[in-house]
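This report looks at how some parts of one protein chain sit against each other. Have the structure open while reading.

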Amino acid sequence: MGLNIAEKIIKAHLVGGSMEEGAEAALRIDQTLTQDATGTMAYLEFEAMGIDRVKTEKSLAYIDHNTLQSGFENADDHRYIQSVCRKHGIYFSRPGNGICHQVHLERFGVPGKTLLGSDSHTPTAGGLGMLAMGAGGLDVAVAMGGGAYYINMPKVIKVELSGKLRPFVSAKDVSLEILRILSVKGGVGRIIEWGGEGVKSLSVPERATITNMGAELGATTSIFPSDEITRAFLKAQGREKDYSPVFADEDAKYERIIKIDLSQLKPLIACPHMPDKVVTVESLKGMKVDQVCIGSCTNSSLYDMLKASAIIKGKCVAPSVSMSVSPGSRQVLSMLSECGALNNFILAGARLLECACGPCIGMGFSPNSGGVSLRTFNRNFEGRSGTADAKIYLVSPETAVASAITGEITDPRTLGMEMPEIKMPECFKVDDSGVLAPADPEEAKSVEVLRGPNIKPIPEGKPLTDTLEGELTLKLGDNITTDHIMPAGAKILPYRSNIPKLSEFCFAVCDKSFSQRAKEAGQTILVGGANYGQGSSREHAALVPLYLGVRAVVAKSFARIHAANLINAGILPLCFKNPDDYDKLKQGEKLSISGVLEGLHSGKMSLHSESGDIPLVCAFTERQIGILKAGGLLNYTRESGK
């Protein structure tokens with residue numbers, strides 16, 4: 001039996017475990033990346049392991065999230081990360097050099113390699129044919145130290161594309177279509193592999209848009225083949241030597257095949273407050289728009305920017321609309337400037353933001369109260385924009401520009417113009433001066449790591465006991481995101497290296513009193529619904545609850561990365577055997593879980609509540625059991641040396 005793309009790369013990187021479906025597979029990681037919102041904690045964890053130098057082929061630290069420096073905190077974290085990189089063999093992408101996923105696609109991604117990143121949108125590099133996965137910072141720190149990354153061998157879904165996108169329909173619409181089909185839970189435990197004749201009509205930036213939003217499906221990763229289009233992209237970046245072909249075997253097997261005819265797609269839009277609430281743009285025709293944002297790691301490539309610029313050329317942003325443009329990298333910004341496309345945005349009245357994540361994570365440019373904001377981003381979770389009652393819609397660059405011009409949600413096909421032909425350059429402008437190389441091993445010995453006063457110690461878990469007791473301080477519903485658990489935004493992100501301060505904001509979107517109640521309770525058990533912890537890879541959504549005394553989370557089901565982060569923090573993720581038992585529990589009651597140590601192996605535990613005993617289930621590998629018993633991955637790594 002032949003292998004699909006994912007299986008081929010996994011097989012080539014398997015260092016332990018098994019490729020049998022559902023079994024734990026240990027993978028060698030070739031490259032890692034971090035960004036500054038998760039990176040400070042990842043490097044504190046790396047330092048705690050006592051390893052002098054990274055052991056990957058290449059590790060990079062990007063500064064792209066916490067770039068709004070309204071106080072000393074972010075600048076101090078950036079200085080800390082830069083000094084750690086110089087000392088420990090990590091390349092440092094300076095503030096302003098660009099968004100990690102866009103820069104990595106342009107300058108460092110290699111087909112057939114593995115990439116682990118402390119950001120859930122790391123699968124963007126799957127557009128190049130990489131097996132690129134998001135993970136918590138501690139998993140990335142272990143990989144930097146030469147350790148394997150462990151996944152439960154996923155099932156593989158193939159999306160077979162045919163036809164070609166029509167004018168004003170784009171790769172973003174493909175992303176929204178697969179979300180419409182599968183939902184935000186449809187990719188859990190799966191890899192999405194894209195194939196079919198239609199793939200040949202998509203450029204690498206378009207493919208990267210699609211793999212980027214695979215994170216919204218809950219997928220382990222998404223991946224395209226590496227073909228002649230990949231070769232052409234790498235050649236244009238001066239990196240043709242990095243090319244290698246990556247294809248599935250003709251007789252490869254898949255769990256399921258989904259067929260999408262690109263020529264039949266229409267412009268789509270995701271409605272508040274979930275990426276899978278997808279409808280056609282034409283169905284919302286005429287809705288007033290207050291804000292339009294173009295950028296993010298999803299849609300900030302040169303190709304996307306050139307399309308948007310061509311549509312808005314000679315026109316003006318509607319008086320009722322505030323519009324921003326965030327190029328994805330310094331390369332994109334420079335080339336837009338040189339060809340004159342940047343001027344089209346400026347003359348139209350758009351506001352130019354720096355090459356960073358910015359509004360996508362609530363780092364500036366928040367909408368007005370109750371405002372309607374159309375964004376070319378990947379997430380529209382409630383409150384994520386920085387405005388609690390804003391209504392965030394996810395759209396393509398074409399739809400965003402059309403709506404900015406008219407002042408209302410507008411299908412770009414109705415603008416009464418032909419879509420200008422966009423020709424990509426044969427050579428991109430290459431300037432890697434924004435990426436600083438580390439010191440050589442001898443020089444590194446004298447490098448001082450610089451820590452600011454905002455950097456606080458990492459909370460550490462406690463070894464498990466056979467019985468856990470705690471108050472049910474918070475009962476939550478379905479699809480609770482990491483933005484619910486540990487919000488982002490300009491006011492909160494500067495404290496990502498200060499867990500005690502960060503804890504004040506934990507679950508504030510759901511219940512502002514949670515942090516104080518958890519501290520008073522001392523030890524806590526949380527209860528959630530289905531797909532608990534979906535969204536970003538931020539391990540702070542586990543570390544902060546750990547600091548607040550959370551010992552276990554009982555839910556109907558968990559998102560992959562968050563479940564792993566809970567285990568890494570030493571917090572038990574457990575599921576109801578009967579999901580209906582969720583309804584028997586009420587916030588504020590005292591709970592206990594018995595048979596914990598034996599239950600780690602048997603997969604069965606009991607939750608004792610005021611309404612009686614409730615059976616719980618779990619499925620941990622021997623390695624995960626060891627981590628939980630030790631009180632977290634950091635303790636486990638120290639004790640076992642693994």
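Predicted model: local features only at pLDDT ≥ 70, side-chain atom pairs only at ≥ 80, totals over all residues.

The crossing of α2 and α3 is left-handed. Two packed helices are described by the angle between their axes and the distance between the axes.

Which residues make the contact between α2 and α3? From α2 come Asp36, Gly39, Thr40, Tyr43, Leu44, Phe46 and Glu47. From α3 come Asp77, His78, Tyr80, Ile81, Val84 and His88.

## Aromatic pairs

How many aromatic pairs are there? The count comes to 6. One of them joins Tyr532 and Phe558, whose ring centres are 5.8 Å apart. Their planes stand at 80°, so this pair is edge-to-face; the cut-off for that label is over 60 degrees. Tyr532 lies in the loop between β22 (524-527) and α17 (540-547), and Phe558 in the loop between β23 (550-555) and α18 (560-569). The pair therefore ties together parts that are 26 residues apart in sequence. Tyr532, at 2% relative accessibility, counts as buried, and Phe558, at 12%, counts as buried too, because the limit for buried is under 20%.

Phe576 and Tyr582 also pair, with ring centres 6.3 Å apart. Their planes are at 85°, so this pair is edge-to-face. Phe576 has 4% relative accessibility and counts as buried. Tyr582 is buried, with a relative accessible area of 14%.

## Charged side chains over rings

Two rings have a charged residue over the face. Lys58 lies over the face of Tyr91, at 4.6 Å from the ring centre. Arg623 lies over the face of Tyr150, and here the distance from the ring centre is 3.7 Å.

Where is Thr220 placed? Thr220 is in the loop between α7 (204-212) and β11 (221-223). Is Thr220 buried or exposed? At 3% relative accessibility, Thr220 counts as buried.

Leaving aside residues up to four places away in sequence, Thr220 touches Pro123, Ala132, Met133 and Pro154, as well as Gly187, Gly189, Arg190, Ile191 and Arg560.

Technical notes: Residues numbered from 1 in each chain as written. Heavy atoms only, no water. Phe/Tyr/Trp six-rings, centres within 6.5 Å; stacked < 30°, edge-to-face > 60°. Helix = DSSP H or I, 4+ residues; strand = E, 2+ residues; numbered from the N terminus. Buried < 20%, exposed > 50% of the residue type's maximum accessible area, 1.4 Å probe, protein only. Lys NZ or Arg CZ within 6 Å of the ring centre and 35° of its normal. Left-handed = near helix turned anticlockwise from the far one by under 90°. Contact = heavy atoms within 4.5 Å.
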